[in-house]
Structure formats: structure tokens, C-alpha cells
Amino acid sequence: MVKKIAILTSGGDCAGLNAVIRAVTLRAHNKYNWEVYGIKDGTLGLLKDPLDVIKLKPQNFEGSLMRMGGTFLGSNNKGNPFKKIIRNGKRIDSSDLVIEGFKKLGIDALIGIGGDGSLKILQSITKKGNINFVGIPKTIDNDVKHNELSIGYDTAVDVATNALDMLQPTAASHRRVMILEVMGRDAGHIALNAGIAGGADVILIPEIQYSIKSIADHIEKIRSKGRNHALIVVAEAVKKENGIKATVKYVDGEVRLGGIGNYLGDEIYKITDSETRVTVLGHVQRGAQPTHRDRLIASAFGVYAVDLIAKKKFNRVVVWKDRGVKDLMLSQVAGYSKTVQKNDPLIKVAEGLGIYIGETN
Ligand code: F6P
């Protein structure tokens with residue numbers, strides 16, 4: 001008999017996480033009368049002594065939590081639990097400590113909310129610790145394989161679309177070319193969807209090559225027809241024309257994606273004489289208030305995940321497919337990503353609207 005379950009959020013945060021924690025808590029309490037524990041900061045809460053966990057009750061969600069971005073449990077996209085750490089002078093694999101934490105908590109099953117990378121780590125750790133596991137996909141990048149919609153993606157697209165809505169009037173006022181750099185890691189889903197929804201003239205995604213010359217020609221064409229401004233959306237992982245990714249080295253030594261917007265701004269300015277300005281949207285795509293769609297998917301995923309545990313269906317991951325929730329083997333999904341395919345119908349839509357989307361032929 002399942003009596004006690006735990007939930008954690010892992011990897012980069014996004015909108016909708018609080019809504020899924022709520023759904024899990026409500027379903028587990030109302031239908032099954034189980035105890036639910038929220039583990040703080042991904043698996044890091046399990047390394048603490050005493051364990052950093054909170055008992056979750058339906059009353060926790062009577063306020064505004066479900067409407068808020070981020071995750072009130074905290075998350076972590078750095079602490080790979082398989083890395084070695086020093087404890088009491090000894091070098092140990094921290095995954096053993098995480099597993100020890102799970103055992104101390106005495107749970108019957110764990111629900112882990114993560115992207116492709118976090119789900120892979122959680123798969124390994126729960127396998128090693130023999131812990132019953134169900135995964136829920138979240139990521140603004142929407143790049144989890146076999147899953148049409150991840151929690152957080154819809155909100156991120158909405159934020160990027162709003163940004164284009166706000167850039168257009170100022171672009172028109174100053175006759176400028178406005179470039180919006182969006183997140184998405186190696187997938188162009190956010191750029192493609194927001195670009196179409198936000199009336200972009202050029203959409204650049206990592207999956208399709210482009211040429212600066214073609215962008216310049218496209219802008220000239222727009223101007224020759226009488227429009228004085230243009231909007232460009234570029235995904236952060238789009239490479240420079242020389243095939244190198246634009247990155248920034250931070251003071252902590254980490255190299256992260258960033259800078260493709262500024263690169264394009266300079267190159268376009270050089271050959272078109274158009275004044276360019278660049279907006280890097282960044283983490284506002286993650287922290288915004290969740291859209292109704294993200295709250296719906298979060299709620300549907302949470303309820304379904306709890307029901308999977310009740311049926312003792314473990315090592316599964318819930319996915320959104322054909323307007324509903326399904327479940328797949330974790331091994332089919334964890335660690336595999338999904339980029340924009342060449343035959344994505346939205347590429348045809350973009351082309352149909354006269355948007356330059358790269359060298360598609
Ligand atoms: O994977 C989600 C994501 O927001 C990516 O789109 C982005 O490249 C990355 O995380 C940013 O990570 P961080 O929060 O470490 O800056």
C-alpha cells in the first residue's frame with residue numbers, strides 16, 4: 001500500500017511548477033489520503049541533516065501559489081548527485097547520500113519534475129536506490145522527446161510574444177530593426193512559435209541555416225514596400241555565420257549561450273544601414289505568471305502521475321499527446337531531446353506568411 005510520496009523540482013525552473021505540486025498534493029490527499037513531502041532544491045534537500053523537506057497539505061495551496069511562476073520548493077540545475085563530494089574527510093559519490101536521504105524519508109514513491117537532463121539523472125538515481133519513480137516533463141525549451149508540451153513552455157512563448165508586441169511600436173517610431181534573442185537551448189521552439197505569433201519578419205532557429213545576406217535582402221524588400229521597421233527573433237543557440245555558437249564566459253568560469261542577438265545586430269547594420277537594437281529576453285521567460293495552458297497541463301500531469309503511482313506503474317513519465325495525458329517508459333524519454341524538425345508544419349506557416357526563416361530549400 002502506498003502511503004507516503006515525495007515530490008521535487010529539478011533543473012531550470014519555469015512557470016507552472018507550483019501548479020503541478022498543487023495538483024499532486026490535492027490528488028494524493030483527496031483521492032488516496034496519502035502523505036506528500038516536498039523536497040527542497042531538487043535532490044539537495046536530501047543531503048541536509050535534518051532533511052530539508054516540507055509536508056505538503058491542500059491548505060498550502062489555498063492562496064496564490066498556483067498562480068505564481070518559479071517553484072516554491074526551489075530547484076537546482078548544478079548539483080549532479082553523481083559527482084564526488086568530500087564528507088568527513090572522505091571523497092564520496094553524493095548519490096549514495098541522496099539515496100540515504102530518500103530512505104530516511106521512508107517514501108513509497110517519488111514524483112520528479114524535470115527536463116530531459118534532470119529526468120535522466122533522476123532515472124539513474126532512483127534505479128540505483130531502487131526507488132519507485134514517476135517523471136513529469138517541464139522546460140521552457142519544450143525539447144523533451146515524445147512530449148508535445150512541457151510545463152513552462154507556453155508561458156515562455158507568451159512572454160516572448162508580448163516582448164515582440166512591445167518592440168513593434170518602438171521599432172516603428174524609430175524606423176529600426178529590432179532583434180529579440182530568446183532562450184530555448186538547442187531547440188528553436190520558442191523562437192519559431194513566438195516569432196509567428198508576434199509578427200516577426202525574420203525567425204532564426206538553430207535547426208535551420210541562414211545567411212546575413214538573405215536577412216539583409218529581406219529587410220530591404222520590406223523597406224521597398226514601404227514599411228519602415230522590422231522584427232527579428234533569434235534563438236540563443238543559433239550559430240554565427242562561421243558556424244561558431246555565440247557564448248559568454250562568466251566570472252564563475254562557466255561558458256553559457258548568449259550574444260547571437262548582438263552579433264546579428266552588428267552584421268545587419270553593416271550591410272543594410274538599418275539602425276539595429278537588441279533585446280535579450282533571458283529569465284523573464286521562466287519566472288512569469290503561468291498561462292492558463294501551463295496551469296492546465298500542470299494540473300493534468302499532476303493528477304495523472306499520482307494515479308500512476310496508485311496503479312503501481314513506476315519508471316514511467318507522463319507526456320502530453322493528442323490533447324491529453326499519456327504515459328511512456330521513462331527510458332524512452334529521459335535524456336532524449338526534441339528539436340524543430342524540417343517538416344514541422346509551422347515552418348510552412350512561417351514561409352506562407354513571408355517570414356524569412358533561413359535557407360530551407
Ligand atoms: O533549459 C532551460 C533554460 O532556460 C535554457 O533555455 C537556457 O539556456 C538555460 O536554461 C539557462 O540556464 P541558467 O538558469 O543556468 O542560466
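So, burial: 53% of the 361 residues in this protein count as buried. Keep in mind that we're looking at a predicted model. As for the surface that can be reached, the accessible area comes to about 16,400 Å², and carbon and sulfur atoms own 49% of that.

What's the chain built from? You'll find 11 helices and 15 strands. The radius of gyration is 22 Å, close to the 21 Å that the globule rule gives for 361 residues, so the protein is as compact as a globular protein of that length. Along the principal axes, the C-alpha atoms fill a box of roughly 70 × 45 × 35 Å. And if you take the contacts with a separation of 6 or more, 71% of them come from residues 24 or more positions apart.

Quick word on charge: there are 51 positive and 38 negative side chains, with the centres of the two sets 6 Å apart.

Okay, on to the rings. How many aromatic pairs does the structure hold? It's 3. One of them is Phe61 with Phe72: the ring centres sit 5.9 Å apart and the planes are at 75°, so that's edge-to-face. Both residues are in the loop between strand S3 and strand S4, so this pair ties together parts 11 residues apart in sequence. Phe61 is buried at 5% relative accessibility, whereas Phe72, at 26%, is partly exposed.

Another pair is Phe301 and Trp320, with centres 6.4 Å apart and planes at 70°, so again we call it edge-to-face. Here Phe301 comes from helix H9 and Trp320 from strand S14, 19 residues apart, which links distant parts of the chain. Phe301 is buried at 0%, and Trp320 counts as buried at 16%.

Terms used
Residues numbered from 1 in each chain as written. Predicted model: local features only at pLDDT ≥ 70, side-chain atom pairs only at ≥ 80, totals over all residues. Heavy atoms only, no water. Helix = DSSP H or I, 4+ residues; strand = E, 2+ residues; numbered from the N terminus. Rg over C-alpha atoms; globule rule 2.2 N^0.38 Å. Buried < 20%, exposed > 50% of the residue type's maximum accessible area, 1.4 Å probe, protein only. Contact = heavy atoms within 4.5 Å. Areas by Shrake-Rupley, 256 points an atom, 1.4 Å probe, with all protein chains shown as cover. Lys, Arg positive; Asp, Glu negative; His and termini not counted. Charge placed at Lys NZ, Arg CZ, Asp CG, Glu CD. Phe/Tyr/Trp six-rings, centres within 6.5 Å; stacked < 30°, edge-to-face > 60°.
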